[in-house]
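Subject: Structure for you to look at

Dear colleague,

Here is the structure I promised to pass on, and below it I have written down what was found in it. Please keep the structure open while you read, so that you can look up each place as it comes.

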Amino acid sequence: MAHDTPRGAPLLGCIADDFTGATDLANMLVREGMRTIQTIGVPEAPVREADAVVVALKSRTIPAGEAVAQSLAALRWLQSQGCRQFFFKYCSTFDSTDAGNIGPVAEALQKALGANLAIACPAFPENGRTVYRGHLFVHDALLNESGMQNHPLTPMRDANLVRVLQRQSAGKVGLIGAADVGRGPIAVRERMAALRKEGVTLAIADAIADNDLYTLGEACAGMPLVTGGSGVALGLPGNFRRARLLIDEGAATRALEGLDALPPRGAVLAGSASQATQGQVAHWLARRPALRIDPLALARGDDLVRQALDFAQAHADQAVLIYATAAPDEVKTVQTQLGVEHAGHLVEEALSAVARGLREQGVARLVIAGGETSGAVVQALDVRALRIGPQIDPGVPATLAIDAGGRPHCALALKSGNFGTVDFFEKALRALGAAH
Ligand code: ADP
């Protein structure tokens, strides 16, 4: 590992190809003791007090050339911050097409870093994603029989990742098999040396148990580039700790320093129609104040944003829920009348405007349900970076949004649709220190 970077500079620089994937990765790094900041796109300002930085891009399904350009811009910025190892994060179901973007982005980063071999491992056994003899399983099904073969943007019709990655890469793709991974980091390093001799530049790595992820992480100590799902990042913080580069006591709780100074009011915004969110909304409705945003009324031009803000103001002594969440048949009806995209856009716009209005009312602690919804709200609030705090539920950390000067300006819990227990909203408000 190079030792010529400034003291206190981040160690690990990550580039994630989507927003909630970035949060998932950041959550993982914090769990393993790294102080982690997630940025929304490539920031202008430098980061402070972080061991890892995750740049969240939206590059999974854009044209490969653009994904490469954005990823290289992120790399240059992370290098300028002093990072000494880089991680390219993609989905645990290897979401991509023959045109990219995993292969082209990985190869462009390798070239820029002078890296002659990088592993590619989407596995995360704890979440049912395993790779064996190069084949990706989603629980008990091969990737191409898991439902992912019908994905609208990145249909995965081949479970053999060596073949999948080869089709989108210029260099030679090889395999680090389960037998080598099972024998530990030294065996993996020997296999990597053999693959280099064969001219392999990207190596799919098997992992069938979470322990394999730690083995792979350890084997990648000092390598300039690692690529994979959030699982394989579990093994990387240990390398920095062993090199005594990580001061990790209380990394997650310290991330929320400054939270107490924010005004106490909190609120929940739900733009997700996923099953878990439906249960969470129903649970809230039985106990606490809530107002529904009806997309058809939005389409008619009703000022539901004003109504929601008045409602919140009338209940200023407690947290309210503003939600568009509806049962699948209701969503279908709305989508048939308005079109899928238009309906989604209307709801996202409305909830973003509600978020802005609530901030003006002094609400500084927000729980947001929905991946796309979270992206829209974060953009509307002009959030540039998030300090990642303790996990509320698997995959969802409490975060503190910071402005360009590094000052906290609101606390956020961003939940993708199917995450969280039925009482998640209350739990998240508590984690954000909101009065409710
Ligand atoms: P999830 O994480 O559950 O997929 P997202 O926020 O990513 O949630 O996506 C949900 C999409 O559905 C958003 O675009 C949102 O605006 C839209 N939506 C939410 N409620 C409704 C509804 N009642 N009718 C139609 N579309 C809706």
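Let us begin with Asn-101, which lies in the loop between strand S4 (85-89) and helix H3 (102-113). Please bear in mind here, and throughout, that this is a predicted model. The peptide bond that leads from Gly-100 to Asn-101 is cis, with omega near 5°.

Is Asn-101 buried or exposed? Its relative accessibility is 7%, and because buried means under 20%, Asn-101 counts as buried. Its side chain has two polar contacts to look up: a polar atom of the side chain lies 2.9 Å from the backbone oxygen of Ser-59, and the side chain also reaches the backbone oxygen of Arg-60, at 3.3 Å. If residues up to four places away in sequence are not counted, Asn-101 touches a number of others, among them Ser-59, Arg-60, Thr-61, Ile-62 and Pro-63, as well as Phe-88 and Gln-168.

For background, most residues other than glycine have a negative phi. You will find Arg-133 in the loop between strand S6 (129-132) and strand S7 (135-138), while His-139 is in the loop between S7 and strand S8 (141-142). Are these two residues buried or exposed? Arg-133 has a relative accessibility of 57% and therefore counts as exposed, the cut-off being over 50%, and His-139, at 53%, counts as exposed by that cut-off too.

For a contrast, please turn to Ile-204, which is found in strand S10 (residues 200-205) and is buried, with a relative accessible area of 0%. Leaving aside its neighbours within four places in sequence, Ile-204 is in contact with a list of residues that includes Phe-94, Ala-120, Val-131, Leu-161, Val-173 and Ile-176. Pro-397 is 193 residues away from Ile-204 along the chain, and the C-alpha atoms of the two are separated by 29 Å.

Next comes the ligand. There are 18 residues around the ligand, of which Ser-272, Ser-274, Glu-348, Glu-372 and Thr-373 come nearest. By type, the residues of this shell divide into 7 nonpolar, 9 polar and 2 charged. Helix H13 (328-338), H14 and H15 each supply at least two residues of the shell, and the largest share, 4 residues, comes from H14. Taken alone, the ligand exposes 570 Å², and the protein buries 84% of that.

Thr-373 is buried, with a relative accessible area of 4%, and, not counting residues up to four places away in sequence, it touches Gly-271, Ser-272, Leu-351 and Ile-368. Within H15 (residues 371-380), Ser-374, Ala-376, Val-377, Val-378 and Ala-380 are buried as well. What do the buried residues of H15 pack against? They pack against helix H1 (19-31), strand S2 (36-40), helix H14 (340-361), strand S15 (365-369) and strand S18 (408-415). H15 is followed by Asp-382, whose phi is positive, near 60°.

With best wishes

Terms used
Residues are numbered from 1 along each chain as its sequence is written. This is a predicted model: local features need pLDDT of at least 70, side-chain atom pairs count only at pLDDT 80 or more; totals for chains, interfaces and linings use all residues. Side-chain values use heavy atoms; hydrogens and water are left out. Buried means under 20% relative accessible area, exposed over 50%, partly exposed in between (1.4 Å probe, protein chains only). Contact means heavy atoms within 4.5 Å. A residue is near a molecule or strand if one of its heavy atoms lies within 4 Å of it. Accessible areas come from the Shrake-Rupley method with a 1.4 Å probe; for residues, only the protein chains shown count as cover. Ala, Val, Leu, Ile, Met, Phe, Trp, Tyr, Cys and Pro count as nonpolar, Asp, Glu, Lys and Arg as charged, and the others, Gly among them, as polar. A polar contact is a pair of N or O atoms within 3.5 Å; within protein, one must be able to donate a hydrogen and the other to accept it, and residues adjacent in sequence count only if both atoms are side-chain atoms.
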